[in-house]
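Biologist: I'm new to this one and would like a close look at a single part. Could you pick a strand and walk me through its surroundings?

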Amino acid sequence: MPVFRALARAAQQTVLTPGCGCRPLALAVRHISFSPRQVTSDASFHSVSFSETDHPKVLITGGLGQLGVGLAKLLRKRFGKNNVILSDIRKPPSHVFHSGMTGPFIYSDILDYKNLREIVVNNRITWLVHYSALLSAVGEANVSLARAVNITGLHNILDIAAEHGLRLFVPSTIGAFGPTSPRNPTPDLCVQRPRTIYGVSKVHAELMGEYYHHKYGLDFRCLRYPGIISADSQPGGGTTDYAVAIFHDAVKTGKFECNLKPDTRLPMMYIDDCLRATLEVMESPAEQLSMRTYNINAMSFTPEELVAEVQKQLPDLQVTYNIDPVRQAIADSWPMNFDDENARREWGWKHEYDLPELVTTMLNSIGADSRIASAN
Ligand SMILES: NC(=O)c1ccc[n+]([C@@H]2O[C@H](COP(=O)([O-])OP(=O)(O)OC[C@H]3O[C@@H](n4cnc5c(N)ncnc54)[C@H](O)[C@@H]3O)[C@@H](O)[C@H]2O)c1
Ligand SMILES: C[C@@H](O)[C@H](N)C(=O)O
């Protein structure tokens, strides 16, 4: 048996404790002995091949967060509902779980390497969208968990993707930049010295993905998302969450308490643009991509500019400010405007929602939802 297959087999026997990610020795053994390039170049090991015309079989990790269900919906429309598997460690709401309506959901902890591999093999996965993460504010409140999920979890994902020849999407963020980066605008390539565990883990993800691409040929693709604004799903504990909360509070109570200063400028995007960008970069021919990590942007605003736009439609909205020092310090270190000209030029990125369009869409959607709720 060739040495690399013996090593790969030994690697397969390394089982990580679910939810723990704290067995450095086991990890070290796997990472020293396991070489994705050797395994993927072994045709008998990497036995399943797909023709160009096959639909991808997609696994989304961390799929019950703000973005995953929306992405699954978009991809299922495109590739068929059974070709997109949503996974998470949380219990799915019934409309997500009942596959007759939507598509498959399974439990998957990204810290459990063996379970991840089983899912990829048993379902013949070809694309992996890795959404599991702890966001900026939650990460600062629980650094060791953020380190495990965002860094150890990413290592598992990279190895699985390289081992099975997957196309891998990992989102990065405006939070991958820090106070020494140019902030207005922030280009794709510049100093990246973030001051949060979230930002550090995302720079690590960008660099590891690019390294695996160059060293092992991994088809790694990454977009740095701005703050994402959605009506149907709640944000998971980030610095930009205020820009979602304002719409719900404005419709339900007519009052909003903002946790960032009125002049804090951050790049933002409506969820439909974000998910479409993700599909577009995943479908782009490799020769169109001169880089593996791109900034994308749509708009940039401050709380007071957002409030003014919402008040055009809800003039009675009352806003107060009660600053959260943790979130404010994070926001003050992040880009104010994002330069995404490489994405626009190379693979045709174009946003559809600007600030007025965003506000109208959010208020219509939340207003309609609450009218339906009160009628019921
Ligand atoms: N939402 C945004 O504004 C935004 C902006 C930039 C980048 N991103 C990135 O996009 C991705 C998705 O973001 P989101 O807003 O949906 O995040 P979210 O916090 O709403 O959801 C993350 C999901 O990860 C899951 N998760 C946590 N630990 C896990 C584990 N051990 N195994 C499997 N799943 C686990 C959680 O249960 C949760 O459902 C993240 O990587 C995030 O960094 C999001
Ligand atoms: C910007 C993004 O990464 C996330 N919404 C956060 O604030 O943490």
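**A close look at one strand**

Modeller: Let's take strand S10, which pairs with strand S12 (residues 299-301) in the antiparallel sense over 3 bridges. Keep in mind that this is a predicted model. If you want a spot to start from, find Ile-228, which stands opposite Met-269 in S10.

So how covered is S10, which spans residues 266-270? Mostly: 5 of its 5 residues are buried. Now look at where the side chains go. In a regular strand they alternate between the two faces of the sheet. In S10, Leu-266, Met-268 and Tyr-270 point one way, while Pro-267 and Met-269 point the other way. Whichever way they point, all of these residues are buried.

For another kind of setting, hop over to Pro-92, in the loop between strand S2 (84-88) and helix H5 (94-97). Pro-92 counts as partly exposed because it has 18 other C-beta atoms within 10 Å, where a buried residue needs 20 or more. Leaving aside residues up to four places away in sequence, Pro-92 touches Leu-64, Phe-97 and Phe-105.

Methods
Residues numbered from 1 in each chain as written. Chains lettered and ligands numbered in written order. Predicted model: local features only at pLDDT ≥ 70, side-chain atom pairs only at ≥ 80, totals over all residues. Buried ≥ 20, exposed ≤ 12 C-beta atoms within 10 Å, placed from the backbone. Helix = DSSP H or I, 4+ residues; strand = E, 2+ residues; numbered from the N terminus. Pairing = 2+ DSSP bridges. Contact = placed C-beta atoms within 7 Å.
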